[in-house]
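Open the structure in a viewer and keep the selection panel to hand. The stops below say what to select next and what is there.

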Number of protein chains: 2
Amino acid sequence: MKPSIPKGTRDFLPHEVRRRNYIFDVIRKHFHRYGYQPIETPVMENLSTLTGKYGEEGDRLLFKVLNNGDFLGKADSQQLAAQDSDAVLPQISKRGLRYDLTVPFARYVVMHQNDLAFPFKRYAIAPVWRADRPQKGRYNEFYQCDADVVGSDSLLYEAELTQLLDWVFADLGLRVVIRLNNRKILAGLAEIAGHQDRMMDITIAIDKLDKIGEAGVEKELRERGVDAAAIDTIKQFLGVTSLGKVAPLLEKSAIGREGIGELQAVFDTIGATTSRVEFDVTLARGLNYYTGCIYEVAVDTDSHPGIQMGSIAGGGRYADLTGIFGGRDLPGVGISFGAERIYDVLEELQLFPADASEDLEYLLLCLDEASLAHGFELVGQLRRAGRNADLYPAAAKLGKMMKYADQRNAPKVIIIGSEEVKSGKYSVKTMATGEQATQSLSGLIG
Amino acid sequence: MKPSIPKGTRDFLPHEVRRRNYIFDVIRKHFHRYGYQPIETPVMENLSTLTGKYGEEGDRLLFKVLNNGDFLGKADSQQLAAQDSDAVLPQISKRGLRYDLTVPFARYVVMHQNDLAFPFKRYAIAPVWRADRPQKGRYNEFYQCDADVVGSDSLLYEAELTQLLDWVFADLGLRVVIRLNNRKILAGLAEIAGHQDRMMDITIAIDKLDKIGEAGVEKELRERGVDAAAIDTIKQFLGVTSLGKVAPLLEKSAIGREGIGELQAVFDTIGATTSRVEFDVTLARGLNYYTGCIYEVAVDTDSHPGIQMGSIAGGGRYADLTGIFGGRDLPGVGISFGAERIYDVLEELQLFPADASEDLEYLLLCLDEASLAHGFELVGQLRRAGRNADLYPAAAKLGKMMKYADQRNAPKVIIIGSEEVKSGKYSVKTMATGEQATQSLSGLIG
């Protein structure tokens, strides 16, 4: 019986955990710097909290947890005999694994609103579960890293979150393009084109511009029933890359002007950035609940040619977080980092710092049994001095112990025999260079 | 419809998350210092991995995850109609939530043995799930913090883990008693008493000494069918508090002598400690799989009177980690911290450092709209200088903003009006003392 793990889930080796934590730690550091506070919610939520929040497809992709005990005892035996999964489900399962961090956040805000100070800035870095068909880069269990502020419609937060995106990626050594748009601009575009009711159809089509080109967008618009005059109007927008040039096109739309004004205020506030921050009228973001500014971050392929990886972070403003749970009207804005994709990009570009994979500093090897007690004493002194250190627990052949040091990625090896025990002078080998030096305890911890 | 969370699960407010992370961070720091490496395993495991590993009771307490899609489609319709939960279960569920971190670790070692260097030192700090009836201090979702080393029977690891326990609690400011025993001493005791086959009965009884007293232990032994002569022999052990005094009693038992020798070696190796480290012949630890040294840590009630909290950490040596999965014979030793209980104790004793609950340093409040742009600029400069800082996003009444600063637990508040914008000198209020000082940007970040 060979053990295995469920499809779409992963084990992580120590160096992988450390690299993942390196990314999470950088993101978390900046969340703290910007005053976002950590919250935690249970992995299991009531299905009544989760169901109906992600569309029909989402409901199907929820992992449901079976009720405990005699779970079939109270189920309808006729429905059971008929093998009617849909009818039986609510009778045998009342909990599920969270599907994202947003719905639990909305539930949390409603339940704890009296304990929270608004504007409430929270972050969460935690796994979520989706019963997608597993494929390369898509897992059933994966991490989300979200920061949101709710209870304010100040555009300063849009500017702040753009800065935060910029700083995190600068800190990771990754050059990115941050693209901004505003849903109100897209609404204005639909209005100007005479298709106010078709904003989603139009934005879905123009969102594909970089994939299918202008002719492709035109074809898709036609298939979606947008008339020729409207298509001509829309085409005017496609080539526009500055807010200043899109403004005249939207002069006659109140909502469009509002979107332009908001975005202009955000650009005016941001200040200097490391990343390219660009207006992109074709940026739509799939999620229906966005109502204002929207963001999307991609690797800057001018700086990192050859990287093919879509969006690695994104977000936007929404008018109402908690309405689904009967909460009071709470507008908010949030961003989310795609940590799994960022990991793949940093690995491909070899951008992980050397010390992100291992934090052991010294490994001590003893040449004979008699030196082991000294080795244990010394490793204790190193640890007390704040150094991460380890001791091979027996006197084995040097070759075997050096192989262990290699496998452990120990940066420095200290070899201890009777001479060293007597003199208190240790030969320290730097594994990367092969360099040897003789040091006393004070040198080792100095 | 008021939202809720499943019974036995918890939401955590920001200051609670920070305090929990403070504990995890201290434990993690020492794990790293001692060369333990992080691994991660999925929250969901195959039920074939989990089932049968925790006894019948454990199998019942596993949370099982329903198969996706038409889960009843392939189940036996007669068994369904008969509402036979046990028979149907394996047909509709193949995954479950992990019940502890040990079985997933054993599974991991078997699957990745070719990628690991032995002795392999790993730690994991992660939630586990048990469908226990929720009660005060017992949750369905809770954290475990485990460190284990497998692939070595060196007693240096027993000494190292005792040190590690000592250091973690010293770092947390909690005085503890670390009690040590050895299963071989208990086996020797059973042998000397002529009840080699009844070691579990005997140890379960004497483990209760501090709860039910000597008379209670005697009664329990009698009820478990231990004869009077054996009870007299066992009673000789109960008052013994030193290894030196128990040794003569075990002279005739080979396994008993072995246990004494091992424990003596551990005591000889440990060195100076902050905690009281004591031999306790009545310490048994419930888990059957321990075979050598065992540990248990409790709050030192001499230093912290009135704390009633049982074991807050424990562990021991086992002969074979991976046998259950057909792995090769891998002896190991490990410890586990009861983080949830440690939290309760630190809170009761007010031992959390002040900065464990909040890491915001400055909150900026603007008195008028015109100052907001300056406030945004200043908060950005503070953040760039590495300070955790935040800005109230509008010019509201000072009283309202100060209330927000209180709720956010901001240690320092910077108030910005037209004067400050002009002069670049800011009035900084320390919230705890009410003290005010005037500082320029360089003073704020200096």
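**Stop 1: the interface**

Select chain B and chain A together: across their interface, 47 residue pairs are in polar contact, both residues at pLDDT 80 or more. A polar contact is a pair of N or O atoms within 3.5 Å; within protein, one must be able to donate a hydrogen and the other to accept it, and residues adjacent in sequence count only if both atoms are side-chain atoms. On the side of chain B that touches chain A, the residues divide into 53 nonpolar, 24 polar and 23 charged (Ala, Val, Leu, Ile, Met, Phe, Trp, Tyr, Cys and Pro count as nonpolar, Asp, Glu, Lys and Arg as charged, and the others, Gly among them, as polar).

This is a predicted model, in which local features need pLDDT of at least 70 and side-chain atom pairs pLDDT 80 or more, while totals for chains, interfaces and linings use all residues. Residues are numbered from 1 along each chain as its sequence is written, chains are lettered from A and ligands numbered from 1 in the order in which they are written, and side-chain values use heavy atoms, with hydrogens and water left out.

Chain B contributes 100 residues to the contact and chain A 101 residues (contact means heavy atoms within 4.5 Å). About 8,700 Å² is buried between the two chains, with 60% from carbon and sulfur atoms; buried area is the accessible area (1.4 Å probe) that two parts lose on being put together, summed over both.

Next, select Arg107(B) and Asp11(A), whose side chains form a salt bridge at 2.5 Å, N to O. The interface has six salt bridges (a side-chain nitrogen of Lys or Arg within 4 Å of a carboxyl oxygen of Asp or Glu).

**Stop 2: an annotated site**

An unreviewed UniProt entry lists "binding site" residues including Thr102(A) and Tyr289(A); such annotations may be inferred rather than shown by experiment.

Select Thr102(A), in helix H6 (residues 102-112) of chain A; helices (H or I, at least four residues) and strands (E, at least two) are DSSP runs, numbered from the N terminus. Thr102(A) is buried because its relative accessibility is 17% (buried is under 20%, exposed over 50%, partly exposed in between; 1.4 Å probe, protein chains only).

Leaving aside neighbours within four places in sequence, Thr102(A) contacts Asp146(A), Tyr289(A) and Leu321(A). Move to Tyr289(A), in the loop between strand S8 (276-279) and strand S9 (290-299) of chain A. Tyr289(A) is partly exposed, at 36%.
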